[in-house]
Amino acid sequence: MRIDIITLFPELLKSPFEVSILKRALESGIAQVHFHDLRTYSTHKQKQVDDYPFGGGAGMVMMIEPIDRSLEALKKKRDYDAIIYLTPDGKTLNQKAANHYSTLNNIILLCGHYKGVDQRVRDHLITHEISIGDFVLSGGELAAAIFCDSVIRLVPGVLGDESSALTDSFQDNLLAPPIYTRPAKYKEWEVPEILTSGNTPKVEEWRDQKALERTQKLRPDLLE
Ligand code: ADE
């Protein structure tokens with residue numbers, strides 16, 4: 001899988017890819033992530049990428065030309081399965097969507113800033129619009145990092161234990177069951193006895209039951 005990220009602030013995006021699972025995914029070559037500074041595609045002397053909105057109003061709008069030029073440069077090199085604009089009014093990202101995107105080969109992420117991009121970018125150049133939740137960030141970079149984390153960890157071979165992504169919360173519309181580790185007793189707080197019994201089928205049954213109870217209590221909407 002290859003993800004190309006077009007951004008005004010590449011430095012904002014680097015650190016999530018420098019530790020833990022994402023770092024290993026990049027080192028192993030299973031995933032590639034490339035950052036592209038939108039300013040380098042500006043034809044203006046001052047490397048301008050935004051301008052005042054037609055019709056007036058507060059805030060600046062990201063111009064179509066540098067975005068189009070950056071997309072053209074990438075599309076010339078390979079075919080892309082999805083060109084995604086991160087925006088608070090996009091479709092909310094969830095586990096089902098992350099599963100889908102993890103099966104694609106080449107993805108472009110476009111990070112917005114200021115008031116957003118010229119509508120013609122959305123109408124003609126983008127294939128998907130994604131939000132990470134009903135709140136507004138200063139820009140799309142952190143949303144892009146969250147998108148990459150949720151998707152790349154699902155690419156086969158990225159997680160050491162192949163089955164562990166399948167037991168994540170939301171994978172089967174259930175929240176994950178509670179988990180514990182040593183010590184079995186800390187202060188007066190004990191681990192449920194079944195977990196230390198060695199009875200694997202009973203443990204599985206207990207986990208299924210707890211996942212269901214937890215979902216009923218915390219996210220009943222997932223069961224509807
Ligand atoms: N850009 C600003 N806010 C965002 C959000 N909630 N999701 C995706 N991109 C964004």
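**Ground rules.** I'm working from a predicted model, where local features need pLDDT of at least 70, side-chain atom pairs count only at pLDDT 80 or more, and totals for chains, interfaces and linings use all residues. Residues are numbered from 1 along each chain as its sequence is written, and side-chain values use heavy atoms, with hydrogens and water left out. Helices (H or I, at least four residues) and strands (E, at least two) are DSSP runs, numbered from the N terminus.

**Ligand.** A polar backbone atom of T87 sits 3.2 Å from a ligand nitrogen. For I132, a backbone N or O atom is 3.0 Å from a nitrogen of the ligand, and for G133 that distance is 3.2 Å. On its own the ligand exposes 260 Å², and the protein buries 96% of that; the areas come from the Shrake-Rupley method with a 1.4 Å probe, and for residues only the protein chains shown count as cover.

**Strand β1.** Next I went to residues 2–7. Buried means under 20% relative accessible area, exposed over 50%, partly exposed in between (1.4 Å probe, protein chains only). I found 6 of the 6 residues in β1 buried. R2, D4 and I6 cover one side, I3, I5 and T7 the other, and all are buried.

Which strands pair with β1? Pairing takes at least two DSSP bridges between two strands. I got β2 (residues 32–37), parallel, with 6 bridges, and β6 (residues 106–111), also parallel, over 5 bridges. T7 stands opposite D37 in β2, while I5 faces L109 in β6.

**D118.** Last stop: the loop between β6 and α4 (119–124), where D118 sits. Is D118 buried or exposed? I count D118 as buried because its relative accessible area is 16%. Its side chain makes a polar contact with the side chain of R120, at 2.6 Å. Leaving aside neighbours within four places in sequence, D118 is in contact (heavy atoms within 4.5 Å) with V61, M62 and I64.

Definitions and conventions:
Polar contact = N/O pair within 3.5 Å; in protein donor to acceptor, adjacent residues only side chain to side chain.
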